[in-house]
Amino acid sequence: MEFEPDEDQRLLRRSVRETVAKVRGRPEGQQWDTYVRLGWLEAPPRELARILEGLGYAADPTPFLATATWFAPLAGRLPKGSGTGVFDGAGRYVLDADRADEVALLTAAGVTVVPGAELAAQRVAVLDPHLHVGHLDARDLTPGVPDLALMGLAATCVGACRRILDLVLDHVKRRVQFGRPLGSFQAVKHKAADMHVAVERARALTHFSALTIAEDDPRRADAAHMAKAAAGECQRLVFRHGLQLSGAMGFTWENDLQYHLKRAQACDLLLGTAAVHRKALLP
C-alpha cells in the first residue's frame, strides 16, 4: 500500500488550496458550482480526502461534505443537486438535511432516496454558524455509518486544525512582547510543536483511512474509527493551545480564528466524538 502522495496528488492539493482561496469570498452558490464543475464530487477516496482537507481549511459553507461522503456511499451515486444521508438510526443531527435536494435514508429494508423537500427537515442551531445541521422526523431508520463519512469528517477536521495552526503561527511571529517576537519563547514553541504533531498524526491516519477505502482493504472500518478518533483528539489539543496562544485577539468576533475553531469542534461532535470511536476499536 503506497502511502506517500505522488506528484499528481501534490498538484491536486495545491490546486484545491488555490481554487478555494480564489472563490472563498463569492456567494455560496457560486462556490458550489465551481466545485461541481471541476468534478471534485467524483474524486476517488484518496483524492477526496485531500479535497476535503482543503475545504476544511477554508471552513467551506457548501454542502460538499454531506453530498460526497454522506449521500454518495449510501445511494451509490451522486445526487441531482446536493444530498445527504441518514444512517445513525435517529436522524437527529443530519448534515445539510435542511437544504439537501435528495436524502438517502438507511432503513431496515434498505436504502431509500427521497426528495429533501418531502422530509421538511428543521435546521438545528449549532456552534458553527456556517454549518447546516437538520433534524429529520423519519421512521424505521437503522444505524450503519459509512466508513467514507467518518473519513470525510476527519479530513475536514484536519484541514480546520491546520488553518488554526497557521493563524496561530502568523500571530506569534508578528506579536512582540518584552522586545521579542512571541514565537521566540520556549513555552510558545512547545505548544506550537504539539499542535503540529497532532495535526500530522491525524492527517496520516485520515489518509490511511482513505487508502483502505480506495482499495477495499479489510481494515477499512478500523481505519475509519482511528481517523475519526485522531481528528477529534487533535481538535481538542489545537483548540486549547490555539485559543491560548492567540491571546485576547483569539476571543474576539473580529478574528477569523473562531470560524475554524467551531468547524473543527463540530466535526469532532458529528457521528461520535473521539471517545466513541476509541471504544469502537475495542475487541
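Which side chain does a polar contact of 3.4 Å join to that of Arg92? The partner is Tyr93, where a polar contact is a pair of N or O atoms within 3.5 Å; within protein, one must be able to donate a hydrogen and the other to accept it, and residues adjacent in sequence count only if both atoms are side-chain atoms. This is a predicted model, in which local features need pLDDT of at least 70 and side-chain atom pairs count only at pLDDT 80 or more, while totals for chains, interfaces and linings use all residues. Residues are numbered from 1 along each chain as its sequence is written, and side-chain values use heavy atoms, with hydrogens and water left out.

Tyr93 itself sits in the loop between β1 and β2 (94-95); helices (H or I, at least four residues) and strands (E, at least two) are DSSP runs, numbered from the N terminus. With a relative accessibility of 41%, Tyr93 comes out as partly exposed. On that scale, buried means under 20% relative accessible area, exposed over 50%, and partly exposed in between (1.4 Å probe, protein chains only). Leaving out residues up to four places away in sequence, Tyr93 touches Trp70, Val124, Val133, Gly134 and Leu270, contact being heavy atoms within 4.5 Å. As for Gly242, it lies 149 residues from Tyr93 in sequence and 27 Å away in space, C-alpha to C-alpha.

β1 runs parallel to β3 (residues 102-107), with four bridges between them, and Thr84 has Val103 of β3 as its bridge partner.

A hairpin of two residues links β3 to β4, and Leu106 has Val111 in β4 as its bridge partner. Thr107 also belongs to β3, and its relative accessibility of 13% makes it buried. The Thr107 side chain comes to 2.7 Å from the backbone oxygen of Gly110. Beyond residues up to four places away in sequence, Thr107 is in touch with Thr112, Arg139, Asp140, Leu141 and Thr142.

A further open sheet has three strands in the order β2-β6-β5, and here the pairing is antiparallel. The edge strands are β2 and β5 (122-123), each pairing on one side only. β5 is joined to β6 (residues 133-135) by two bridges, and Arg123 stands opposite Gly134 in β6.

The largest nonpolar core holds 78 residues, and Phe64 and Trp70 have the most contacts inside it. Such a core is a set of buried Ala, Val, Leu, Ile, Met, Phe, Trp, Tyr and Cys residues joined through side-chain atoms within 4.5 Å. Helix α6 (residues 147-174) gives the most to this core, supplying 15 residues. Setting aside neighbours within four places in sequence, the contacts of Trp70 include Thr84, Gly85, Phe87, Tyr93, Ala149, Leu153 and Leu271.

α6 is largely enclosed by the rest of the structure, because 22 of its 28 residues are buried. At 1.5 Å a residue, the 28 residues of α6 should span 40 Å, and the 41 Å between its end C-alpha atoms agrees with that; the expected span is 1.5 Å times one less than the number of residues. Helix α7 (residues 186-214) passes the check too: its 29 residues should span 42 Å, and its end C-alpha atoms are 42 Å apart. After α7 comes Asp216, with a positive phi near 50 degrees.

Finally, there is Arg46, in helix α3 (residues 45-57). Arg46 counts as buried because its relative accessibility is 15%. Its side chain makes a polar contact of 3.4 Å with that of Gln9.

Conventions. Two strands pair if DSSP finds at least two bridges between them.
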